[in-house]
Amino acid sequence: MMRRKNDNKRYFTRMGTRKKVHAFVRVKPTDDFAHEMIKYGDDNKSIDIHIKKDLQKGVVNNKQTDWSFKLDGVLHNASQDLVYETVAKDVVAQALDGYNGTIMCYGQTGAGKTYTMTGTTENYKHRGILPRALQQVFRMIEERPTHAITVRVSYLEIYNESLFDLLSTLPCVGPSVTPMTIVENPQGVFIKGLSVHLTSQEEDAFSLLFEGETNRIIASHTMNKNSSRSHCIFTIYVEAHSRTLSDEKYITSKINLVDLAGSERLKKSGSEGRVLKEATYINKSLSFLEQAIIALGDQKRDHIPFRQCKLTHALKDSLGGNCNMVLLTNIYGEASQLEETLSSLRFASRMKLVTTEPAINEKYDAERMVKNLEKELALLKQELAIHDSLANRTLVNYDPMDEIQIAEINSQVRRYLEGTLDEIDIINLRQIQEVFNQFRVVLSQQEQEVELTLRRKYTLIDKNDFAAISAVQKAGLMDVDGHLVGEPDGQGFGLGVTPFSAKPGKKAKSKKMFKEQLRPSTPPPKPVAFEDFKNERGSEINRIFKENKSILNERRKRASETTQRINAIKREMDVTKEALNFQKSLREKQGEYENKGLMIIDEEEFLLILKLKDLKKQYRTEYQDLRDLKAEIQYCQHLVDQCRHRLLMEFDIWYNESFFIPEDIQVSLKPGSSIRPGMVPISRIMSLGEDDQDKFSQLQQTELPEGPDSFSFYNAKVKTEQKRKREREREAERQRHRQREKPAPCREPDVGLDPRLPGSHPRLKAHNYLKTMMGFQQAHRK
């Protein structure tokens, strides 16, 4: 078992035995099959190719004419069902057990790769490997009620050595500012910037698949009217948690379904312009893929050129990694394409030389681990109690202290400080820690009592708080000399005996009278009103604000002290390093002594090394404390800002309500008045057509020609088509609106040459959606 760590999670990979990559061949059906040149073995696992010698080149002709390829299976005139059962079913099934899997379709252009991988949307029976894999995953999830399994999908396109997200057109994704990149970490290779979507049911997964399919790049040439011009990787991510709470392990896996763009000979395809450039990129990336396969098959090679292109880099985990790898090679059976067929079969033979080491990907749930450790801790405490009783020890309590025990320790600490208790009996380590904690509590309470006593006798005013000073001046809190009551004490506060009118007993009454006198004429100044608000309606918010500010100042003070200690340690480290370097240079000058290969140093240099080690440890500890304090300061500052904003906002509301809103409106706003929330009637709001929609859904599930299993497939396809239709209508409406705004007709700029603009590249692959569904809908409407 191999263990890998990353952050706070633990990853375990259970290593398996090495196995070779499975390689299958699918022959495209044709009326011009070369029976004399292509022969199948009796076991359907080999293909023999024979080419007659060209007699025009003379009697002596050493050109090879016969080839034989041994594979894992040859699929000739095979249905989509048989292809999936043979190639993909086992790989998908093992993914639910924690094994990664990759299924790749390779071959020349027009050989049927996309048909094999995706299939056609017009007929449910002709669906390809990808939709069948999604169906199998959700079927297996239903068969495993003991596990909570989540499924996520992503769809990547590699076009002209650039990465694109085929699901970026969804509203939940939005446009990306930074380009996508391939990133490697200890857990493997992933695409930074690629959106991954959670799918809770089969229909949602089909909708994402069809959304990505409509965004793929296709073009036409002489060999294929609907040729894929990019490599596409559809990935299914599976995560399975056991519903048994005691099981802290869970498994993850992913299935890469790769539809490679077809290789093509330019003299046969006749590609020009943009299609020619795309073909160049496709052939180049496939050539690099073949080089990587050759290197993987050579056991003597140390370096594998994965980074030559985006395709091999993205598939680094799949090619020779810890996954089940299957290659499906699509070939022609015609004599005119025999050269490309030989090239594809050679690639399949090289792929069979590659070995992988499938492994189960296990992870550990941190939350469940904590619960299991708590249970184990309880059992250990019980065993410890049994051991204490067998050893005739006094019963020792190892549990956390309750409130009664804490109160008793607090009482002992107070009596110890007062002198009525000579010493505190020590029982265990937990009690020692609580004694020190209660010392801190008592000290804090005494500081608060002293501050409260000062506030009762004096008025404390911050000399930098100009709003408070202005309010006090307007309130008449001055002595006979015209100065504030209480002179500054040099620490930023004013201290003095408050007049009788400002004492707490008279405050509420004077404020009420003050408000009643001023309201009929003019509102009071905001500084004076703000002080009234803080003592009345906003007292609770003001109290929280002061407490948070006090905590913030305390954290800042501690951070400053920690910073000073760090600087002092750093200076001492520098001095120690200089002394140590001096001792090393002195030792080198005097000559070094060795004993059995070990360097001998004097005691002074040894002590300097130990001191430097201790200083470094102190530096790391203090630096970590400083980081924690900075995080606390940032959080406290956020709380203080929130309280300040809330206090000012509540004050503005209170000030406007108290001094600006007329009394007759205030009476209407009181509870039980004529103005009430929710006066808009909602009795007319109701859903329309729910019963009809339910009937139509039931009709779809029971009357579809392929049975209820095809409902999710067709329903997702219809929704995708309806979405595309709405988008086309909105685009046409915007075009008409722009035409009406133009003063004179002018030619629109030709954007059809840029294949990455939405809706601009030539999409020659027309999707004819289910006519039976439309017939059901029309019949239902009648």
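The expected span of a helix is 1.5 Å times one less than its number of residues. Helices (H or I, at least four residues) and strands (E, at least two) are DSSP runs, numbered from the N terminus. This is a predicted model: local features need pLDDT of at least 70, side-chain atom pairs count only at pLDDT 80 or more, and totals for chains, interfaces and linings use all residues. Residues are numbered from 1 along each chain as its sequence is written, and side-chain values use heavy atoms, without hydrogens and water.

**Helix H10**
- H10 covers residues 366-390; its 25 residues should span 36 Å at 1.5 Å a residue, and its end C-alpha atoms, 36 Å apart, agree.
- Arg368, Met369, Asn372 and Asp388 of H10 are buried (under 20% relative accessible area, 1.4 Å probe, protein chains only).

**Asn330**
- Asn330 lies in strand E19 (residues 323-331).
- Its relative accessibility is 1%, so Asn330 counts as buried.
- Val25 is 305 residues from Asn330 in sequence, yet their C-alpha atoms are 5.9 Å apart.
- Beyond four places in sequence, Asn330 is in contact (heavy atoms within 4.5 Å) with residues including Arg26, Cys105, Lys113 and Ser344.

**Helices H15 and H17**
- The axes (lines fitted to C-alpha atoms over the stretch in contact) of H15 (residues 526-535) and H17 (residues 603-659) come within 10 Å and cross at roughly 105°.
- H15 is therefore roughly perpendicular to H17 (65 to 115 degrees between N-to-C directions).
- Contact residues include Phe530 and Phe533 of H15 and Leu647 and Trp654 of H17.

Methods:
Buried means under 20% relative accessible area, exposed over 50%, partly exposed in between (1.4 Å probe, protein chains only). Axes are lines fitted to C-alpha atoms, for helices over the stretch in contact, and angles run from 0 to 180 degrees between N-to-C directions. Angles under 35 degrees count as roughly parallel, over 145 as roughly antiparallel, 65 to 115 as roughly perpendicular and the rest as oblique.
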